[in-house]
Amino acid sequence: MDGKSAAPLGAYRRHDLVRVDPAAWAAMLRQRPDLDGVPHIAGWATAGRPLILRRYFAGEARDLVPLGLPLPPADGKRRLSFAFLPDKLTLHPPVAPADARAAAPEAWQLTLDALITLGASHGLTPRPFGSLLWQAATGLTYLAATSDLDLLWPLPTQTIPAGFLVALARIADAAPMRLDGELLLSDGAGLHWRELLDAPDTGEVLAKHIDRLEMRPVAGLRGGAAA
């Protein structure tokens, strides 16, 4: 597996990208006749293409790493689910903003530049997910004229920087596409940024972890971000 060691189970978080050992992938496919003939799947691991960490399903074995893979729209946009032992996986580096920009439509370039600049002003680096991620990471066609621009914003703390959400909303209002995504707190919780922006100070927002959902009080999360 390219000489890299596997990460322990607890090291994985939602939205992490991983590569699967080709032998483990082939063994899995022998147990999945429902995937026979599905485009791109047979050679996915040998091509070095990633899968993404998803949330556990109810009752799913917690000693396995839960993974997802959406097929390109031209191939039915089917969402496939898998689970592997951690020693069959290696972390795939996040898609860099520059690589995402190179894969994005021309009409998105100014918006991406503004988002990268916004992140840099707060010490943050946005990560694509959704269609832009998969197009940049695989070279296959995932983007369409109606695609959203989905971004993850990993944070080093549990508090969103002051002014960040308002500035993000201004960019979204001027963008030619819908801008969506999550803020990823340092404990791995994912918060939908629009929900947090719109929530009252006394309210709660949904936080998504790899193994659970929970409601988080808005107080203490925004750090003045909505001011």
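Author: Let's start with a term we'll need: two residues are in contact when heavy atoms of theirs lie within 4.5 Å. And keep in mind that what you see above is a predicted model.

Reader: Is Gln-109 buried or exposed?

Author: The cut-off for buried is under 20% relative accessible area. Gln-109 has 8% relative accessibility, so it counts as buried. Across the chain, buried residues account for 48% of the 227.

Reader: Let's zoom out. How many helices and strands does the chain have?

Author: Six helices and 11 strands. For the contacts, take pairs of residues at least 6 apart in sequence: 63% of those contacts join residues at least 24 apart.

Reader: What about overall dimensions? Why does the radius of gyration agree with a compact globule?

Author: The idea is to compare the chain with what its length would predict. A compact globule of 227 residues would have a radius of gyration near 17 Å, and the chain has 18 Å, so the two agree. Along the principal axes, the C-alpha atoms fill a box of roughly 55 × 40 × 30 Å.

Reader: And the surface and charges?

Author: The accessible surface is about 10700 Å², with 55% of that belonging to carbon and sulfur atoms. As for charge, there are 23 positive and 24 negative side chains, and the centres of these two sets lie 2 Å apart.

Reader: Now a strand. Which residues of β10 are on the covered face, and which on the uncovered one?

Author: To read a strand, sort its residues by face. In β10, residues 204-208, Val-205 and Ala-207 make up the covered face, while Glu-204, Leu-206 and Lys-208 make up the uncovered one.

Reader: Which strands does β10 pair with?

Author: Look on either side of the pairing list. Strand β9 (residues 190-192) pairs with β10 in the antiparallel sense over two bridges; here Gly-190 has Lys-208 of β10 as its bridge partner. Strand β11 (residues 213-217) also pairs with β10 in the antiparallel sense, over five bridges, and Ala-207 has Glu-214 of β11 as its bridge partner.

Reader: How many residues lie between β10 and β11 in their hairpin?

Author: Four residues lie between the two strands of that hairpin.

Conventions:
Residues numbered from 1 in each chain as written. Predicted model: local features only at pLDDT ≥ 70, side-chain atom pairs only at ≥ 80, totals over all residues. Heavy atoms only, no water. Rg over C-alpha atoms; globule rule 2.2 N^0.38 Å. Buried < 20%, exposed > 50% of the residue type's maximum accessible area, 1.4 Å probe, protein only. Areas by Shrake-Rupley, 256 points an atom, 1.4 Å probe, with all protein chains shown as cover. Lys, Arg positive; Asp, Glu negative; His and termini not counted. Charge placed at Lys NZ, Arg CZ, Asp CG, Glu CD. Pairing = 2+ DSSP bridges.
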